[in-house]
Amino acid sequence: MKINWNHIKTFALFAILVFSYGFSAQRNAARKLEKINVVYTNDAQRFITKKTVDNLLIVNPDSLQNQTKESLDLNRLEQSLLSHPMLKGAEVYLEPTGTLGAIITQKEPLARVFAEKDYYIDTDGLGMPLSSNYSARVPVITGVNKEDVGEIYPLLQRIASDEFLKKHVVAIEKQKSKGYKMKLRRLTAEVELGEIEKLDLKINNLKAFYKKALQEKILDNYKSISLKFDNQVVCVKNG
């Protein structure tokens, strides 16, 4: 029988490649972790520091040499990160070089609620604890409880998306009667918003009044400004 050396050579080459791949994969899995790389998608280390992220990953940078790539459960590590109340999103990955990477997205506060225990309302309309690392410059809210968050959330979204409101609104108060009032920077008068409805109309009326009063230098002549009435701004002068 004639031996087909070409087939034998091809089979031998294939076997060598399979063995080399398996050996390489095994060696790669056993590779020790070299370092941790944390990437912040928004405002580096504002509410949560890299040290806190390291602790959540249950990886001590001083003992990385004791960790192997094979021993890590990336899904578990991601869930550990997401358990932190300051984080909105997290992705954990491994680089071929042995670097453990984490891409994290911190929650963004829209306002701070003054209560028995202060908290933020974030961009999803959910409660968010204060941070010992950073204090956000956002409007403060008084007179509300957690049941009111859904009601005031559309106003907070409107403030965050409007440059004028974002610059000027510093405080919001829920009144004992129905409705809300706002405090603006550079304005001594309180702005009575009323119920949170027809926001576009009310805000446009406020902007028009503010611009005119600023030009005429009479912003400080009023003690109250009401936006509760359609198509008009009702003001009460000082004294």
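Which residues of α3 are buried? They are L77, E78, S80 and L81, where buried means under 20% relative accessible area, exposed over 50% and partly exposed in between (1.4 Å probe, protein chains only). These residues cover an arc of only 160° around the axis, which puts them on the same side of α3; the arc is that of the directions from the helix axis to the C-beta atoms.

Before going on, remember that this is a predicted model, in which local features need pLDDT of at least 70, side-chain atom pairs count only at pLDDT 80 or more, and totals for chains, interfaces and linings use all residues. Residues are numbered from 1 along each chain as its sequence is written, and side-chain values use heavy atoms, with hydrogens and water left out.

- The names come from DSSP runs: helices are H or I with at least four residues, strands are E with at least two, and both are numbered from the N terminus.
- The cover over the buried residues of α3 includes α2 (50-56), β2 and β3 (99-106).
- Here is a handy rule: an α-helix has 3.6 residues a turn, so residues three or four places apart point the same way.
- Between α3 (74-82) and β2 (87-94) there is a loop, and H84 lies in it.
- The side chain of H84 reaches the backbone nitrogen of M86 at 3.0 Å. That is a polar contact: a pair of N or O atoms within 3.5 Å, where within protein one must be able to donate a hydrogen and the other to accept it, and residues adjacent in sequence count only if both atoms are side-chain atoms.
- If you leave aside its neighbours within four places in sequence, H84 is in contact (heavy atoms within 4.5 Å) with I48, T52 and L56.

**The sheet of 3 strands**

- This open sheet has the order β1-β3-β2, with mixed pairing; two strands pair if DSSP finds at least two bridges between them.
- β1 (35-40) and β2 stand at the edges with a single partner strand each, so one side of each is left without a neighbour in the sheet.
- From one strand to the next, the twist averages 20°. Axes here are lines fitted to C-alpha atoms, for helices over the stretch in contact, and angles run from 0 to 180 degrees between N-to-C directions.
- α3 packs on this sheet by touching β2 and β3, and its direction makes about 155° with that of β2.
- β1 and β3 pair in the parallel sense over 6 bridges, and V38 stands opposite A102 in β3.
- A102 is buried, with a relative accessible area of 0%. Not counting residues up to four places away in sequence, A102 touches N37, V38, V39, L57, L81, E91, V92 and Y93.
- A102 and D54 are 48 residues apart in sequence, and their C-alpha atoms are 9.5 Å apart in space.

**The sheet of 9 strands**

- The order in this open sheet is β6-β5-β4-β7-β8-β9-β10-β11-β12, and again the pairing is mixed.
- Its edge strands are β6 (127-129) and β12 (234-237), each pairing on one side only.
- The twist averages 25° from one strand to the next.
- Helix α4 (residues 149-161) packs on the sheet, and its direction makes about 165° with that of β8.
- Helix α6 (residues 199-215) also packs on the sheet, touching β9, β10, β11 (222-226) and β12.

**A closer look at β5**

- β4 and β5 run antiparallel, joined by 4 bridges, and they form a hairpin with 5 residues between them.
- V113 stands opposite Y119 in β5.
- β5 (residues 119-122) is also joined to β6 by 3 bridges, and these two run antiparallel. Their hairpin has 4 residues between the strands, and G125 in the turn has a positive phi of about 75°.
- I121 has G127 as its bridge partner in β6.
- Both faces of β5 are covered: Y119 and I121 are buried on one side, Y120 and D122 on the other.

**Nonpolar cores**

- A nonpolar core is a set of buried Ala, Val, Leu, Ile, Met, Phe, Trp, Tyr and Cys residues joined through side-chain atoms within 4.5 Å.
- The largest one has 35 residues, and those with the most contacts inside it include I121, I172 and L206.
- Apart from it lies another core, of 16 residues, among them I36, L81, V92 and L100.
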